[in-house]
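Dear colleague,

Please find below the structure that I am handing over to you, together with its sequence.

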Amino acid sequence: MIDLEHVTFAHPHTPPLFENFSLTISRGETWAILGPSGCGKTTLLYLLAGLRQPDSGRIAIEGERLTRPRPRTGLILQDYGLLPWATVQANVELGLRVREFYGEDGKHAPMDFQPGNNVVDWLDRLGIAEVADKFPSQISGGQRQRAAIARTLALEPDLLLMDEPFSSLDAITRGDLQNLTLRLCREQKLTLVIVTHAIEEATGLGKKILLLSRASNQATRIFENPDAGQDGYRASSAHHELCDLLWKEMHYETA
Amino acid sequence: MRRRDVFLAALVLLVVWQMTALLVNFPILPGPYEVLHVFLRELQNGLPSHFVFSLWRVFAGMALSVLAAVPVGLAIGGSGALNRIFSPLIYLLYPIPKVVFVPVVILFLGIGDLAKIAIMFLILFFQIVVLVRDQAAGLPPQLIQSLRSLGAGRRALFRFVYLPASLPAILTALRQSIGTAVAVLYITELSATKYGLGYYIYYNGSTLMDYPAMYAGVVAMSLLGLGMYFSVDWLERKWCKWKFVT
């Protein structure tokens with residue numbers, strides 16, 4: 001589904017974060033991108049979202065070269081990106097309103113986009129129907145995150161990109177939302193790429209874990225984690241061993 | 001701002017005015033009771049027409065300024081390239097006292113309402129551009145990226161992000177502009193007209209030496225500014241509900 005071929009990217013006046021970097025992500029997979037601060041996790045997500053362009057190399061999704069944000073890709077950022085002046089319902093409707101604004105042009109909205117409104121359904125499914133008329137400042141962090149997820153899923157994406165979406169939530173809310181995300185990805189047959197700096201979050205969500213380093217990323221270091229999301233996996237010895245291994249790798253990187 | 005607070009402030013002002021009038025004890029500063037009496041009399045005597053002329057000029061000047069300055073401020077604030085090109089120009093033009101251009105504007109636009117409205121426009125335009133530009137430029141980049149990921153291009157960003165985000169700044173700019181607009185209104189109505197509160201105040205104060213009537217005009221002008229303040233507050237409560245929630 002996603003192909004990065006020999007991608008090189010550097011922010012202005014800094015050494016490249018990615019150099020001749022290649023990666024393939026298949027449809028329906030759940031990936032976690034892990035690494036220390038400043039290693040380029042968020043940059044990689046922005047590249048996949050079409051919000052940044054590589055200096056050289058090629059990024060393609062479903063065979064099409066990515067030159068701008070793609071209508072079927074959903075992106076959820078760390079601070080949820082909700083409009084403070086819009087109610088929860090208006091925020092969830094926002095993507096649909098943007099699509100209606102342009103019409104089905106294939107650039108801003110898919111060519112087969114049918115104006116409809118499944119927002120109430122998503123508000124119900126995400127458990128935020130009772131706060132639909134509230135503004136983001138009036139609801140909890142968990143509810144804001146649910147609103148951001150509902151807004152993205154209302155657009156029926158096939159690829160979900162998340163940038164440390166649960167980092168500011170308490171442990172219980174974080175666990176609930178992680179499980180909800182995995183369930184929705186299974187139900188909607190989504191490909192998930194989540195960026196995190198938390199090892200337990202990466203191992204809990206990603207069936208494949210890409211570990212990035214602070215030095216220019218060239219080779220991919222991928223850790224298989226096929227049991228992620230299954231009941232009881234977090235308490236298993238295999239999970240602890242993987243966490244230990246990732247911790248050592250990250251510690252080695254930052255030492 | 002609560003109504004009770006405004007009422008109390010008005011009461012304090014009236015007491016200070018009355019005490020000053022008693023201390024000064026000259027016809028040039030009549031007390032509020034006398035002025036109120038004349039104000040009520042003048043309501044039957046042409047003051048409302050002067051009020052309507054002034055209201056029309058100040059409203060037209062402000063409306064034109066908002067209509068022109070908001071898109072310019074949004075465009076400059078929303079685009080790094082435009083900001084780099086136009087901000088130095090605005091910084092050079094903003095501090096120039098535009099009132100000095102009154103003779104030039106009258107020369108080009110004549111002595112009618114157009115010149116008066118144009119002078120107000122010249123002054124308010126830059127104030128509003130600067131505030132709206134700062135608001136648009138200060139939006140969190142993540143908010144913009146988030147909207148872009150939903151498919152928003154430049155037009156949708158302006159429609160769904162920059163414009164609503166700048167509404168509080170537009171209303172703040174309006175609120176700040178009201179004082180300036182009313183002051184400029186007075187200056188522009190000093191000459192080449194027989195209608196408007198500026199003319200009314202000047203004519204009664206300098207030609208007829210009817211000071212109570214002059215103060216009745218000042219009260220009318222204050223009410224004009226106050227009414228505009230309250231209108232902006234009302235618009236803010238209506239359009240920016242999110243700012244007032246707890």
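Of the 246 residues of chain B, 35% count as buried, a residue being buried if 20 or more other C-beta atoms lie within 10 Å of its own, exposed if 12 or fewer, and partly exposed in between, with C-beta atoms placed from the backbone. Please note that this is a predicted model, in which local features need pLDDT of at least 70 and side-chain atom pairs count only at pLDDT 80 or more, while totals for chains, interfaces and linings use all residues. Residues are numbered from 1 along each chain as its sequence is written, and chains are lettered from A and ligands numbered from 1 in the order in which they are written.

Chain B

Chain B has ten helices and zero strands; helices (H or I, at least four residues) and strands (E, at least two) are DSSP runs, numbered from the N terminus. Its pattern along the sequence is accordingly written α-α-α-α-α-α-α-α-α-α. The C-alpha trace of chain B spans about 70 × 50 × 30 Å along its principal axes. Two residues are in contact if their C-beta atoms, placed from the backbone, lie within 7 Å. Among contacts in chain B between residues at least 6 apart in sequence, 74% join residues at least 24 apart.

One helix pair in this chain deserves a description. Helix 8 (residues 154–188) of chain B and helix 10 (residues 211–239) of chain B have axes that come within 10 Å and cross at roughly 180°. Helix 8 of chain B is therefore roughly antiparallel to helix 10 of chain B. On the side of helix 8 of chain B, the residues making the contact include Leu167(B), Leu171(B) and Arg175(B), and on the side of helix 10 of chain B they include Met221(B), Tyr229(B) and Trp239(B). The residues of this contact divide into twelve nonpolar, two polar and two charged. Axes are lines fitted to C-alpha atoms, for helices over the stretch in contact, and angles run from 0 to 180 degrees between N-to-C directions. Angles under 35 degrees count as roughly parallel, over 145 as roughly antiparallel, 65 to 115 as roughly perpendicular and the rest as oblique. As for residue classes, Ala, Val, Leu, Ile, Met, Phe, Trp, Tyr, Cys and Pro count as nonpolar, Asp, Glu, Lys and Arg as charged, and the others, Gly among them, as polar.

The contact between the chains

Chain A contributes 22 residues to the contact and chain B contributes 18 residues. On the side of chain A that touches chain B, the largest share, six residues, comes from helix 2 (residues 88–102) of chain A. That side of chain A has 15 nonpolar, five polar and two charged residues.

Chain A

The domain assignment, which is automatic or taken from a database, gives chain A a domain 1 (1–72 + 161–169 + 190–255) and a domain 2 (80–156). The centres of these two domains of chain A, taken over C-alpha atoms, are separated by 26 Å. Six residues of domain 1 of chain A are in contact with six residues of domain 2 of chain A. The domain 1 side of that contact has four nonpolar, one polar and one charged residues.

Two sheets may be described in turn; strands pair if DSSP finds at least two bridges between them. In chain A, four strands form an open sheet in the order 2-1-4-5, with antiparallel pairing. Its edge strands are strand 2 (18–25) and strand 5 (64–65) of chain A, each of which pairs on one side only. Strand 1 (residues 2–9) of chain A is joined to strand 2 of chain A by five bridges, and Ile2(A) has Ile25(A) as its bridge partner in strand 2 of chain A.

Six strands of chain A form an open sheet with the order 6-7-8-3-9-10 and mixed pairing. Strand 6 (73–76) and strand 10 (221–224) of chain A are the edge strands, and the twist averages 20° from one strand to the next. Strand 3 (residues 30–34) and strand 9 (residues 208–211) of chain A pair in the parallel sense over four bridges; Trp31(A) has Lys208(A) as its bridge partner in strand 9 of chain A. Strand 9 and strand 10 of chain A pair in the antiparallel sense, also over four bridges, and the bridge partner of Leu210(A) in strand 10 of chain A is Ile222(A).

Yours sincerely
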